[in-house]
Amino acid sequence: MTAPAPILADPPASLTAPVPAAMRDAIAEQLAGIGCEAGRILRGYHGSDCPHVIKPDGSPASLADTRSEELIVAALGRAFPGIPVIAEETSGTAQPAPLFFLVDPLDGTRDFLAGSEQYCVNIGLIQGDRPIAAALAAPGLGRVWAAGTTAREAPIREGRPGAFRPVGVRAAPADGLVALVSRLHGDSDTDACLDRLPIGERRVTSSALKFCLIAAGEADLYVRCVPTMEWDTAAGDHVLTMAGGRVVGPDGTTITYGHHARFYRNGPFAALASAAYRDALTLPQQSAVSYFDRRRAGAAVEATGQE
């Protein structure tokens with residue numbers, strides 16, 4: 001087991017791009033600590049009648065989401081002053097910068113409200129259009145992942161990361177691939193993609209945990225053809241990529257981040273333990289347009305017409 005990388009107790013007053021590779025693992029572990037702190041808040045609401053509302057896209061937003069995001073945004077502001085935070089609940093329309101954070105304070109809110117332990121906190125530091133440091137904390141499972149230049153996992157002990165150990169993707173099992181599928185977001189395009197591969201098991205898993213379970217060598221792929229947002233995927237994408245996997249879009253190239261013009265919405269993607277599966281996939285070029293997309297697009301048109 002490797003010793004934890006040093007935590008940046010006093011990071012540079014102004015972290016600027018490009019961030020040296022030598023700093024990235026320590027930054028990732030600091031993000032893991034923040035994610036675990038947010039997880040303590042989530043644990044306090046889990047299993048209770050947590051107040052929540054339904055957003056215009058039909059997804060829930062709970063008081064747990066809000067409190068977790070408040071802690072994360074404040075902690076990032078103290079540790080990394082001047083770096084914008086694009087977070088799901090409060091600043092999803094903010095502009096990116098050469099360095100910026102993408103934050104999902106509670107990924108898997110529906111499952112969280114239903115009592116499932118499969119929810120997580122996602123924090124990713126983006127440089128340009130790709131993550132360079134990230135953490136994903138799963139407080140219900142007692143696991144946290146961090147990645148700078150290497151991918152690592154630690155147990156969560158008393159609300160803090162324990163000792164980290166390296167993780168890596170596995171070779172394809174002889175008895176068929178394990179595909180991680182969403183509990184609530186199945187669709188015919190995803191089914192069609194999976195039908196083209198030698199799938200031995202379709203295992204239901206919630207939230208961005210799918211990326212990290214592939215990174216940890218516990219599964220082989222995750223295909224998503226229905227809409228997601230960049231804060232849903234950035235942290236898990238980086239953990240999986242540093243573990244030896246890939247996250248690709250319809251053209252087979254690595255997906256990118258910071259797309260304010262499309263409201264930080266992802267297209268279809270596949271998270272893969274091995275690029276060898278990529279050529280067998282036929283991802284649709286676009287995700288289905290949601291009600292929320294139409295609402296936002298209409299608001300943008302109205303704003304343009306008023307100028």
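# A tour of the predicted model

Start just after helix α6, at Gly244, which takes a positive phi of about 105°. Keep in mind throughout that this is a predicted model.

**Helix α6**

Now step back and select residues 230-242, the stretch that forms α6.

Is α6 enclosed or open? Of its 13 residues, 11 are buried, so α6 is largely enclosed by the rest of the structure. To see them, select Glu230, Trp231, Asp232, Thr233, Ala234, Ala235, Gly236, Asp237, His238, Val239 and Leu240. Charged side chains are among these buried residues, including Glu230, Asp232 and Asp237.

**The whole chain**

Zoom out and colour the model by secondary structure. The protein chain has seven helices and 15 strands. Its length is 307 residues, and 52% of them are buried. Of the contacts in the chain with a separation of 6 or more, 64% are between residues 24 or more positions apart.

**The segment before α1**

Next, go to the segment before α1 and select Pro18. Look at the peptide bond that joins Ala17 to Pro18: this bond is cis, with omega near 0°.

Leu15 is found in this segment before α1 as well. Its relative accessible area is 9%, so Leu15 is buried. Show what surrounds Leu15: leaving aside neighbours within four places in sequence, its contacts are Met23, Ile27, Phe80, Ile83, Leu99 and Leu125. Then draw a C-alpha to C-alpha distance from Leu15 to Ala79; these residues are 64 apart in sequence and 9.7 Å apart in space.

**Helices α1 and α2**

Select α1 (residues 21-45) and α2 (residues 63-79) together. Their axes are 9 Å apart, and the helices pack at an angle of about 155°. That makes α1 roughly antiparallel to α2, because an angle over 145 degrees counts as such. The crossing of α1 past α2 is right-handed.

Which residues of the two helices meet? On the α1 side, select Gln30, Leu31, Ile34, Glu37, Ala38, Ile41, Leu42 and Tyr45. On the α2 side, select Leu63, Ala64, Arg67, Ser68, Leu71, Ile72, Ala75, Leu76 and Ala79. This contact between α1 and α2 is made up of 13 nonpolar, two polar and two charged residues. As you look along either helix, note the spacing of the selected positions. An α-helix has 3.6 residues a turn, so residues three or four places apart point the same way.

- Ser68 lies in helix α2. At 0% relative accessibility, Ser68 counts as buried. Beyond neighbours within four places in sequence, Ser68 is in contact with Ala38, Ile41, Leu42 and Pro105.
- Ala79 is also found in α2. With 9% relative accessibility, Ala79 counts as buried.
- Leu31 is in helix α1. Leu31 is buried, with a relative accessible area of 0%. Not counting residues up to four places away in sequence, Leu31 touches Leu76, Phe80, Phe101, Ile123, Leu125, Ala133, Ala134 and Ala135. Ile123 is 92 residues from Leu31 in sequence, yet their C-alpha atoms are 6.7 Å apart.

**Two loops**

Move to the loop between β8 (151-157) and β9 (160-161), and select Glu158. Its phi is near 55°, a positive value in a residue other than glycine. Is Glu158 buried or exposed? At 76% relative accessibility, Glu158 counts as exposed.

The last stop is Phe263, in the loop between β14 (246-248) and β15 (269-272). Phe263 is another residue other than glycine with a positive phi, here near 60°. Its relative accessible area is 25%, so Phe263 is partly exposed.

Key. Residues numbered from 1 in each chain as written. Predicted model: local features only at pLDDT ≥ 70, side-chain atom pairs only at ≥ 80, totals over all residues. Heavy atoms only, no water. Axes fitted to C-alpha atoms, helices over the stretch in contact; angles between N-to-C directions. Helix = DSSP H or I, 4+ residues; strand = E, 2+ residues; numbered from the N terminus. Parallel < 35°, antiparallel > 145°, perpendicular 65-115°, else oblique. Left-handed = near helix turned anticlockwise from the far one by under 90°. Contact = heavy atoms within 4.5 Å. Expected span 1.5 Å × (residues − 1). Buried < 20%, exposed > 50% of the residue type's maximum accessible area, 1.4 Å probe, protein only.
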